[in-house]
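Subject: Structure for you to look at

Hello,

Here is the structure I promised to pass on. Please open it beside this email and follow along.

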Amino acid sequence: MNLHEYQARDLLKAAGIPLSDGDVAVTPTEAEAIARRVGGTVVVKAQVHVGGRGKAGGVKLARNPAEAAEYASQILGMTIKGLVVNKVLVVPAAEIATESYVGLILDRATQKPVFMVSDAGGVDIEEVAAKTPEKITRLAVDPRYGLLPHQALKLALALYRDWDQARAAMKIMHQLYTVFMTNGCSLAEINPLVTTPDGKVLALDAKIIIDDNELDRRPDLAVLRDESAEEPSEVTARRANLTFIKLDGNVGCVVNGAGLAMATMDLVKYYGGEPANFLDIGGSSNPEKVVNALKIITADTSVKVILFNIFGGITRTDDVAQGIVTATQQFKVKVPIVIRLTGTNEKEAFRILESVGMTVLNDMDAAVSQAVALAKAAA
Amino acid sequence: MSIWIGKETRLVVQGITGREGSFHARQMMEYGTNLVAGVTPGKGGRTFEAKVPVFNTVAEAVAATQANCAVIYVPPAMAAGAIEEAADAGIPIVVCITEGVPVLDMTLVMPYIAERGVRLIGPNCPGMITPGEAKVGIIPGSICTPGPVGLVSRSGTLTYEVVHHLTGNGFGQSTCVGIGGDPIVGTNFIDVLTAFNADPKTEAIVMIGEIGGTAEQEAAEYIKKHVAKPVVGFVAGQTAPKGRRMGHAGAIISGSAGTAEEKFVAFEAAGIGIMRRPVDVVELLKSVLK
């Protein structure tokens with residue numbers, strides 16, 4: 001789960017990390033009041049879960065409170081990459097002497113939290129990693145012992161030679177590690193960590209991703225989810241316990257299992273089509289899930305054909321068949337449906353579907369190529 | 001004819017009285033797996049399906065039944081504790097099926113089991129099957145048949161799809177191992193490849209990867225240097241959009257490492273047969289196995 005910048009700032013602030021002043025606003029009036037309180041030039045930043053906010057016009061420099069209100073009214077309600085902006089962060093435009101990057105990620109290879117710090121901050125860290133990897137210092141932390149003092153010192157000295165700044169940075173490393181471990185993060189990032197002309201070390205922007213698997217046992221974190229900032233169809237899917245991601249094509253896919261779902265999308269592409277979505281109905285197969293899946297997919301008007309690819313293991317294919325029949329009785333599906341079922345209880349599944357006049361295939365390649373052909377004919 | 005599980009396996013099911021645990025325990029028994037014990041704290045003394053004793057702890061189960069393999073079907077918040085309990089009871093092979101285990105829990109589990117010499121498969125995996133001998137997990141036994149092909153995969157149903165093609169075309173399996181799709185898993189491709197390479201009954205290896213991370217590239221590098229047996233491979237997620245999570249926590253592309261194309265390039269460089277589609281496994285294996 002991605003947090004908004006203002007939510008990430010709140011977590012850092014609670015851990016004692018020095019941050020610029022500022023607050024979040026949902027109206028231009030609130031933005032104006034924050035700008036007046038912090039004084040001077042401020043930055044008004046769209047709070048939305050996509051990159052490239054600045055390029056899209058979602059980040060503006062305001063010289064006074066009136067300008068802050070004006071920019072806030074422009075940014076609030078605007079759409080960036082399909083997502084509506086409902087909140088803006090208003091922070092003072094800090095004077096910056098140096099910019100660094102500090103990130104903590106959960107690393108697959110070492111199976112530990114790993115710090116990445118670089119004094120080439122303020123830019124895209126992936127670009128730094130690709131072009132000048134020697135400018136990044138990496139350090140894996142053993143979670144049994146936590147971040148050790150000499151490790152924090154090494155990280156701090158990679159950023160600053162000034163001893164006061166290094167000491168301040170050391171403290172921030174410990175604080176960021178605490179934020180990471182106590183909030184079940186898979187990423188916690190300060191970019192940039194700046195020094196001001198008078199020598200202070202300050203976090204200017206923060207990004208935090210929380211491991212979705214933490215949310216069941218951490219209701220305090222689960223409430224941070226901002227559903228208004230997500231694709232509505234993806235919210236509906238999550239509430240129905242489905243994993244759904246909208247894509248740009250026209251072949252709607254309903255599959256059980258993430259790996260098979262991706263392989264199905266790949267096969268759609270292989271046969272010259274474009275998948276409209278990723279949709280995993282998961283392992284258990286109550287017919288209601290299938291009905292919800294069909295509702296979500298048929299709501300997308302670009303979908304020209306719906307392709308079911310179900311390999312019954314734990315999933316009973318007769319349950320899926322029953323779901324398809326129930327759904328098509330509940331509401332009219334206007335596009336053709338291509339169904340591939342194989343595995344557990346497939347005889348019963350075929351009987352259910354054929355009894356209502358639907359044809360069923362049991363080969364994945366045959367079903368995908370048929371679906372692609374139908375999509376092309378309808379496009 | 002196997003790696004890690006077979007006729008000699010004496011299995012204990014942790015969470016045997018739960019909904020998932022009881023369903024799959026029955027399936028494993030029906031397949032012929034030697035299921036010797038179940039564990040559910042507070043339900044010790046019962047008998048499962050009129051023949052399997054249930055214990056309160058894994059240690060009690062091991063003392064009474066000499067179980068040598070554990071499979072875990074407990075809720076996500078209890079999974080780390082269940083793995084650690086099995087490790088402390090002296091179980092050398094632990095398979096964790098549970099999906100949704102917090103990743104930070106796994107950072108603490110890994111050094112714990114490493115110190116005790118335990119092999120962990122998973123979490124969030126379909127488990128293993130040695131066709132005709134033992135099934136530990138949830139892979140449907142009906143689609144498998146004994147034979148010379150070793151299969152290792154990060155996914156579940158996609159594994160079944162490939163096994164279905166294998167069995168349907170006369171290629172039986174030595175062992176199928178689903179290592180799981182989470183960012184931190186106990187057993188990686190290289191561990192399984194090493195075991196298949198040393199297993200006299202495995203003549204060819206099928207490897208099913210996914211986008212995200214660099215495990216496939218590292219496996220390809222290992223194959224190039226150490227694996228003499230023919231390997232064919234697939235990577236799911238060729239069409240996945242960058243930076244989006246596709247169901248498995250593992251399947252997220254971030255940065256430059258982790259796209260399907262990069263993995264295929266690594267496969268090619270290592271001499272691994274490239275499956276562009278799951279069905280391609282058939283022709284590729286025909287060309288390497290008489």
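Which domains does the domain assignment give for chain A? The assignment lists domain 1 (21-92), domain 2 (98-222) and domain 3 (231-378). Keep in mind that this is a predicted model. The C-alpha centres of domain 2 and domain 3 of chain A lie 42 Å apart.

**A helix in chain A**

Go to helix H11 of chain A, residues 317-330.

Next, look at which residues of H11(A) are buried. They are A:Thr317, A:Asp318, A:Asp319, A:Val320, A:Ala321, A:Gly323, A:Ile324, A:Val325 and A:Ala327. What covers them? The cover includes helix H10 (287-298) and helix H12 (346-355) of chain A. Strand E16 (305-312) and strand E17 (337-343) of chain A are also part of the cover.

**The sheet in chain B**

Now move to chain B. Seven strands form an open sheet there, in the order E3-E4-E2-E1-E5-E6-E7, with mixed pairing. The edge strands are E3 (47-48) and E7 (119-121) of chain B, and each pairs on one side only.

Look inside the sheet at strand E1 (residues 11-14) and strand E5 (residues 69-72) of chain B. These two run parallel and are joined by four bridges.

Then find B:Ser22, in helix H1 (residues 19-31) of chain B. Is B:Ser22 buried or exposed? Its relative accessible area is 12%, so B:Ser22 is buried; the cut-off for buried is under 20%. Leaving aside neighbours within four places in sequence, B:Ser22 is in contact with B:Gly15, B:Ile16 and B:Phe48.

**Where the chains meet**

How many residues does the contact take from each chain? It takes 42 residues from chain A and 52 residues from chain B. The area buried between chain A and chain B is about 3,900 Å². Carbon and sulfur atoms give 62% of that area. On the chain A side, A:Arg108, A:Gln111 and A:Phe311 lose the most area to chain B. Together they make up 19% of what that side buries.

Four salt bridges are counted between chain A and chain B. B:Asp105 forms a salt bridge with A:Arg217, with the closest N and O atoms 2.9 Å apart.

**Salt bridges elsewhere**

Over all chains, the whole structure has 36 salt bridges.

- A:Asp142 and A:Arg144 form a salt bridge, with the closest N and O atoms 2.9 Å apart. A:Asp142 counts as buried, at 17% relative accessibility. A:Arg144 counts as partly exposed, at 38%.
- A:Lys200 and A:Asp198 meet through their side chains at 3.4 Å, N to O. Both residues are exposed.
- A:Arg238 and A:Glu230 meet in a salt bridge at 3.0 Å, N to O. A:Arg238 is partly exposed, at 27% relative accessibility. A:Glu230 is buried, at 18%.

One network to finish. Salt bridges that share partners join A:Asp142, A:Arg144, B:Asp88, B:Glu115 and B:Arg116.

Best wishes

Methods:
Residues numbered from 1 in each chain as written. Chains lettered and ligands numbered in written order. Predicted model: local features only at pLDDT ≥ 70, side-chain atom pairs only at ≥ 80, totals over all residues. Heavy atoms only, no water. Expected span 1.5 Å × (residues − 1). Buried < 20%, exposed > 50% of the residue type's maximum accessible area, 1.4 Å probe, protein only. Contact = heavy atoms within 4.5 Å. Domains from an automatic or database assignment. Pairing = 2+ DSSP bridges. Buried area = accessible area lost by both parts, 1.4 Å probe.
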